[in-house]
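Please open the structure in your viewer and keep the selection tool at hand.

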Amino acid sequence: MPSEDLPNILAVDDDFAVRMAMDFMFKKWPEYNLILAEDAKDALVKLEERNYMMMFSDINMPEISGLELLEMVKAKYPDLPIFMLTSETDIQNSITAFRHGAMDYLLKPPTVASIKGAIDKTVEYIEEKAEKERIDMSDFKQMVEGFSPEEMGLTKSGSKNTEFTKLVNVLQEKLIHPGKVGRVHNLFLLSKSGIVIANLSANEVEETDADILGGMFTAVKNFMEDAFSAKSDSTLNDIQFGNFHITFASGAYSELAVVYTGIINQAAEEAIADTLIAFELDNMKTLENWDGDFSKLSTAPTYLEKLFSDIDKDKS
Amino acid sequence: MEDFDDDEWAEMQEMYINHTSKELDKINNQLDLDSLEAIRIFGHNIKGSGGMYGFNEITNIGLQIEIAAKASDLDSIKSSLSELETFLKSKI
């Protein structure tokens, strides 16, 4: 019986002889749990049943080919490393496989060395990816938590320094959806202390990132109020970071930060301010003494959703 | 498959011969022009797997079957299948 604790590896081949050989090979590696599928349909069912570390798939299979399976699997599990098994005559298919996101291809018949090489490559890839994410996250946290308008060179016009550029680049990657030009990308509803009450993003901002960003937004907003509000003719505070802007509406208990690219019109500015007013009026009693319990402000996302649909008009 | 010990290797070869013999029976039971695709796939598969189990003879026969199926040449298919049957029986 396969163990639930071991990393699962899926191997798909319509040829029993290949599946049997794989089964024998994996007896050498008890640290992995091999699951065999006899065709693409079987593979899709088995992918639903558990998480996999990687997948091997034959290309030449009846009904749904390995390349079609690759496309389907990549659409649903984009991070899953997939190795295609192919004969020497299928080199064109191998190129197609790369274009469809395969990690590599192995010539048939698979050997102990080629299969082990693919497993090792996958393990290395997963470890590197995890390490990169860890570094990215810690850099990002440090950068954002250390955000200081003065140190970033924001206090003197035109003298923004390299730290600021680095921060902008990271924010750009995390906040801005590449397919949305000239539109709203994120809405963050914040407490005065920088806690994210709710956020809505086109770019799937991770929860941990959102919490870190909350503190930074508050620091930016406080800085802007000190530096610019006296000369601003807008009801909102707006600051440009590289190619995008963050604009803030301030209420008695909360802030609404809107991240956008392009320009925001008067109607949108009013909608942002009105949303914050409506949220605060409807939740006045809770906000007066809010203890950080999100369940008491569970309707907050609905305000953001309505605002998003009101102002996210395609300007292109 | 130099990485397997003798017992493992013998077990694998035996299972492979048994499996291929059963597949051959299925093919022999429906040997007509409507089954050319199934015959081609069978040839293609044993072409790929024969060598994997140390039977280069099976790989060669698989190639012949695949080519004959693509050419709809039933006489050549029958001849190659007969060759395969003889080989498999010699290994049981």
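**Chain A as a whole**

Begin by selecting chain A, which contains 10 helices and 10 strands. The model is a predicted one. Chain A has 316 residues, and 35% of them count as buried. Consider next the contacts in chain A between residues at least 6 apart in sequence: 60% of these join residues at least 24 apart.

**A residue inside chain A**

Now select Phe188(A), which lies in strand β6 (residues 184–191) of chain A. Is Phe188(A) buried or exposed? Phe188(A) is buried, because 26 other C-beta atoms lie within 10 Å, and a residue counts as buried at 20 or more.

Display the surroundings of this residue. Beyond its neighbours within four places in sequence, Phe188(A) is in contact with Val196(A), Asn199(A), Leu213(A), Gly214(A), Phe217(A) and Ala257(A).

**Where the two chains meet**

Select both chains and turn to the place where they touch. Here 13 residues of chain B are in contact with 12 residues of chain A. On the side of chain B that touches chain A, α1 (6–29) and α2 (36–50) of chain B each supply at least two residues. Which of these gives the most? The answer is α1(B), with 5 residues. Coloured by class, this side of chain B shows 6 nonpolar, 5 polar and 2 charged residues.

**A pair of helices in chain B**

The crossing of α1(B) and α2(B) is left-handed.

Show the side chains where the helices meet. From α1(B) come Thr20(B), Glu23(B) and Ile27(B), and they meet Ala38(B), Ile39(B), Phe42(B) and Ile46(B) of α2(B). By class, this contact comprises 5 nonpolar, 1 polar and 1 charged residues.

**Confidence in the model**

Finally, colour chain B by pLDDT. Chain B averages 91, and 97% of the residues score at least 70. Within chain B, confidence is lowest in α2(B), with a mean of 90, and highest in helix α4 (residues 74–91) of chain B, at 96. Where pLDDT is low, predicted coordinates should not be read in detail. The model scores ipTM 0.82 and pTM 0.57.

Notes:
Residues are numbered from 1 along each chain as its sequence is written. Chains are lettered from A and ligands numbered from 1 in the order in which they are written. This is a predicted model: local features need pLDDT of at least 70, side-chain atom pairs count only at pLDDT 80 or more; totals for chains, interfaces and linings use all residues. Two residues are in contact if their C-beta atoms, placed from the backbone, lie within 7 Å. Helices (H or I, at least four residues) and strands (E, at least two) are DSSP runs, numbered from the N terminus. Ala, Val, Leu, Ile, Met, Phe, Trp, Tyr, Cys and Pro count as nonpolar, Asp, Glu, Lys and Arg as charged, and the others, Gly among them, as polar. A residue is buried if 20 or more other C-beta atoms lie within 10 Å of its own, exposed if 12 or fewer, and partly exposed in between; C-beta atoms are placed from the backbone. A crossing is left-handed if the near helix is turned anticlockwise from the far one by less than a right angle, and right-handed if clockwise. pLDDT is the predictor's confidence in each residue, from 0 to 100.
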